[in-house]
Amino acid sequence: TGKFSYDPGYTATGSCKSKITYIDGEQGVLLHRGYPIDELAEQSDFLEVSYLLLHGELPNAAERDRFVNTITKHTMVHEQINYLYRGFRRDSHPMAVMIGVVGALAAFYHDTTDIDDAKQRMIASHRLIAKMPTFAAMAYKYSIGQPFVYPRNDLTYAENFLHMMFAVPCEDYQINPIHARAMDRLLILHADHEQNASTSTVRLAGSSGANPYACIAAGIATLWGPAHGGANEAVLQMLEEIGTVESISTFIGRAKDKDDPFRLMGFGHRVYKNYDPRATVMRETCHEVLDDLGLSDELLKIAMELERIALEDKYFVERKLYPNVDFYSGLILQALGIPTHLFTVIFALARTVGWVAQWNEMIEDPEQKIGRPRQLYTGPAQRSFVPLSERA
Ligand code: CMC
């Protein structure tokens, strides 16, 4: 057309400039503010990575303490929010509940909706990072009919989440450090991934000046889709459907058959055409957790065999379809006792920091305009209205 290019799925459109995350999909490289993801996952923790994503540098000791205190201070949610939960059916999908409660935060915090004020933006960002574990655990507790568990300020971010998920008032709940570490790693590995569908949605929503809580709710809605955040849930369902190691070849055959819509869940990535660097760390963590639990899970056996075959099979090799991070994260979450329908919620809680970091960056960018893609119109040319009596 000369004025714009047709680019469905935006595979060749740079929508923004960003200093946060670098991905080289061909080489399998992922850097946050320049730091390789495997170094962060192995040597840092989630709140430190959150600080890095938000502020651009790793915190020094004083900055780290301040940040941890600030986040900890915001983990409680307004008591009225309990009523929001109680308005949902107990069998509601927790992602539907999360979209509702996070969107509703704008109704609770009128003080942080001036997006031109950097201080207000940071308070809103802290609130979102701090409250997501509380919301996620509340969604779980509500679904199983147990009382909500209040956050504990003496615990780390990951420990506190496990505590709110699994503690019950009448029993002593001990946090397993291997499980807390696995959860923390899982959160780090999902914290940001540059301009994926949900992050682009947050930026697009935010480009109109919408308040941060509404923007993050839009991100959660986008993440819910099975081609995005719903993938680890889909991986588990697929492994259960496969059922035994002997049936794997049938499913591999189905994945290759172009007349069959079945795809191998947890394989392939829009950007990585090499081993997803996050998958390497997730794979190690997955084995640590399963060893600790003494489980030799049948699903894990199927997963390992599937991985082996897919990495050798011509179809997958030619198309560069490697296991992605979600292939392993579902197995870890299941081993930690987290029900499948909560997997995407945990992805959302980890990705919240990426969303808020990208949202802040967008607002501070002087070149940023309201996001407004064009289209290629393929409908009818102009025609005259036909009265009902004359329609065939
Ligand atoms: N199983 C079988 N075939 C596949 C798969 C798969 N998982 N993924 C891609 N292909 C084939 C596809 O049929 C196509 O073949 P052909 O060239 O013969 O038509 C070729 O590989 C390229 O696929 P594509 O759909 O053009 O690739 P894409 O970059 O648009 O899709 C994807 C990426 C992630 C949507 C896709 O690989 C997929 O559906 N994977 C399974 C779902 C999944 O695991 N999603 C999680 C992504 S990572 C999480 C995140 O970052 O949010």
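1. Helix axes here are lines fitted to C-alpha atoms over the stretch in contact, and angles run from 0 to 180 degrees between N-to-C directions. The model is predicted.

2. Start with H11 and H16. Helix H11 covers residues 231–242 and helix H16 covers residues 325–335. Their axes lie 8 Å apart, at an angle of about 75 degrees. Angles of 65 to 115 degrees count as roughly perpendicular, so H11 is roughly perpendicular to H16. H11 brings Ala231, Asn232, Glu233, Val235 and Leu236 to the contact. H16 answers with Asp326, Phe327, Ser329, Gly330, Leu333 and Gln334. By class, the contact of H11 with H16 holds five nonpolar, four polar and two charged residues.

3. H16 also packs on H13. Helix H13 spans residues 277–293, and its axis comes within 8 Å of that of H16. The two cross at roughly 20 degrees. The cut-off for roughly parallel is under 35 degrees, so H13 is roughly parallel to H16. This crossing of H13 and H16 is left-handed. From H13 come Arg278, Ala279, Met282, Arg283, Thr285, Cys286, Val289, Leu290 and Leu293. From H16 come Val325, Phe327, Tyr328, Ser329, Leu331, Ile332 and Ala335. The contact of H13 with H16 divides into twelve nonpolar, two polar and two charged residues.

4. Phe327 and Ser329 deserve a look in the viewer. Both are listed in the contact of H16 with H11. Both are also listed in the contact of H16 with H13.

5. Next, H9 and H17. Helix H9 (residues 197–206) packs against helix H17 (residues 343–364) at about 40 degrees, and the axes are 9 Å apart. That angle makes H9 oblique to H17. The crossing of H9 and H17 is right-handed. On the H9 side, the contact uses Ser198, Thr199, Val202, Arg203 and Gly206. On the H17 side are Arg351, Gly354, Trp355, Gln358, Trp359, Met362 and Ile363. Five nonpolar, five polar and two charged residues make up the contact of H9 with H17.

6. Three strands form an open sheet, in the order E1-E2-E3, with antiparallel pairing. Strand E1 (21–24) and strand E3 (35–36) are the edges, each pairing on one side only. Strand E2 (residues 29–32) is joined to E3 by two bridges.

Technical notes: Residues numbered from 1 in each chain as written. Predicted model: local features only at pLDDT ≥ 70, side-chain atom pairs only at ≥ 80, totals over all residues. Helix = DSSP H or I, 4+ residues; strand = E, 2+ residues; numbered from the N terminus. Parallel < 35°, antiparallel > 145°, perpendicular 65-115°, else oblique. Left-handed = near helix turned anticlockwise from the far one by under 90°. Contact = placed C-beta atoms within 7 Å. Nonpolar A, V, L, I, M, F, W, Y, C, P; charged D, E, K, R; others polar. Pairing = 2+ DSSP bridges.
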